[in-house]
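These are my notebook entries on a structure that I looked through one topic at a time.

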Amino acid sequence: VSTSWNIGIIDGLSRWTASVDDVPADTISRRFRYDVALVSALKDLEEDIMEGLRERGLDDSTCTSGFTVVIKESCDGMGDVSEKHGGGPAIPEKAVRFSFTVMSITVQAEGEEEAVTIFQEQKPNSELSCRPLCLMFVDESDHEMLTAILGPVVAERKAMKESRLILSIGGLFRSFRFFFRGTGYDEKMVREMEGLEASGSTYVCTLCDSTRAEASQNMVLHSITRSHDENLERYEIWRTNPFSESADELRDRVKGVSAKPFMETQPTLDALHCDIGNATEFYKIFQDEIGEMYQKNNPPRDERRRWRSALDKQLRKKLKLKPVMRMNGNYARRLMTREAVDVVCELVPSEERRKALTELMELYIQMKPVWRSTCPARDCPDQLCRYSYNSQCFAELLSTTFKYRYDGKITNYLHKTLAHVP
């Protein structure tokens with residue numbers, strides 16, 4: 001990277017500008033050049049790197065090469081950013097932010113077998129360690145626009161994968177190589193980046209090829225099979241249809257990959273949406289149990305509405321939980337507790353069903369720390385060991401006691417929670 005790495009901010013589509021202030025009114029995205037942003041991030045960590053070398057007893061004058069940096073990439077929509085009394089340029093009222101976090105830096109000193117970690121981000125999910133790379137006025141569902149703007153970012157990242165960065169740290173030039181891990185994406189964004197159908201698809205999972213029906217029959221035993229390269233191959237098959245199959249046969253062959261995968265993401269589970277998705281599901285189970293749905297066949301709508309208002313009233317009275325339009329993280333966390341289940345059980349007529357509900361929640365509370373934690377082996381080793389067993393018990397309950405809800409259907413996150421966290 002040239003010595004003048006302070007090239008400022010680039011108009012995300014084309015023109016380079018010197019500073020933030022002279023934004024042309026019609027710009028829809030601004031970004032840093034990726035290599036420049038990485039240099040800036042490493043310069044910020046200069047003291048941490050030198051301290052890490054000292055702590056590990058490494059002579060900093062011999063460590064000039066062999067540095068490896070792991071970067072976590074994240075991208076998400078930022079919702080509604082419309083002007084309240086607009087007079088500005090006509091732009092989409094949604095925004096998307098692409099950002100990265102330096103997760104760790106390791107060094108392999110000459111003649112050493114093992115690489116030594118000299119920097120590890122302590123709070124990798126904090127906004128303080130997250131560095132914005134590109135901000136865009138784009139709706140995250142607008143695939144064409146998103147790919148047009150992030151195209152150059154992907155190209156820069158690809159160029160950096162194969163090359164080394166030489167940078168002065170602690171007064172000496174040192175050589176860094178980068179590994180990029182796209183793990184900061186929610187399911188919607190993963191599906192978009194990897195060319196998969198949207199989340200209502202019969203192909204329920206971004207990690208395996210299971211269909212919704214298969215996932216509800218076999219809730220626990222799935223391994224992670226999808227990958228970026230395979231998605232690219234499948235897209236080629238989808239595009240060329242080499243076996244001249246019908247649309248349905250072709251779709252079954254490519255397992256729902258029907259757009260060109262654009263950016264590589266690492267298979268992960270997004271803990272917040274996992275919380276929200278599962279809480280939504282429990283909220284519905286609570287309603288169904290209050291109305292003894294397991295005995296009924298297709299109850300009318302107003303009856304269901306009565307169950308729901310009974311549930312909301314009870315939660316508000318006993319837990320001070322106000323009903324929400326859309327499930328959010330805070331509501332989800334308060335709903336998925338022993339207290340909430342006890343309160344709901346007051347409205348459930350049969351003792352047997354109350355026991356089943358309580359057991360379901362107990363298992364869930366045991367499982368949850370594992371996918372909430374940054375490092376489960378360190379933070380909750382016991383729950384980690386028991387996870388597979390707990391998820392099997394959970395699945396067993398769903399497919400017997402709660403069969404009325406899970407016959408041939410299951411939600412995306414419940415499938416991931418049971419099948420992919422282990």
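Which residue in E8 does Ser-168 stand opposite? I looked it up and found Phe-173 in E8 opposite Ser-168.

I note that this is a predicted model, in which local features need pLDDT of at least 70 and side-chain atom pairs count only at pLDDT 80 or more, while totals for chains, interfaces and linings use all residues. Residues are numbered from 1 along each chain as its sequence is written, and side-chain values use heavy atoms, with hydrogens and water left out.

I followed strand E7, residues 165–169 (strands are DSSP runs of E, at least two residues, and helices are runs of H or I, at least four, numbered from the N terminus). E7 pairs with E8, residues 172–185, in the antiparallel sense over 5 bridges (pairing needs at least two DSSP bridges). Between the two strands of this hairpin I find 2 residues, and Gly-170 takes a positive phi near 65 degrees.

Over residues 203–265 I read 43% helix and 0% strand, with the end C-alpha atoms 18 Å apart.

How values were computed:
Buried < 20%, exposed > 50% of the residue type's maximum accessible area, 1.4 Å probe, protein only.
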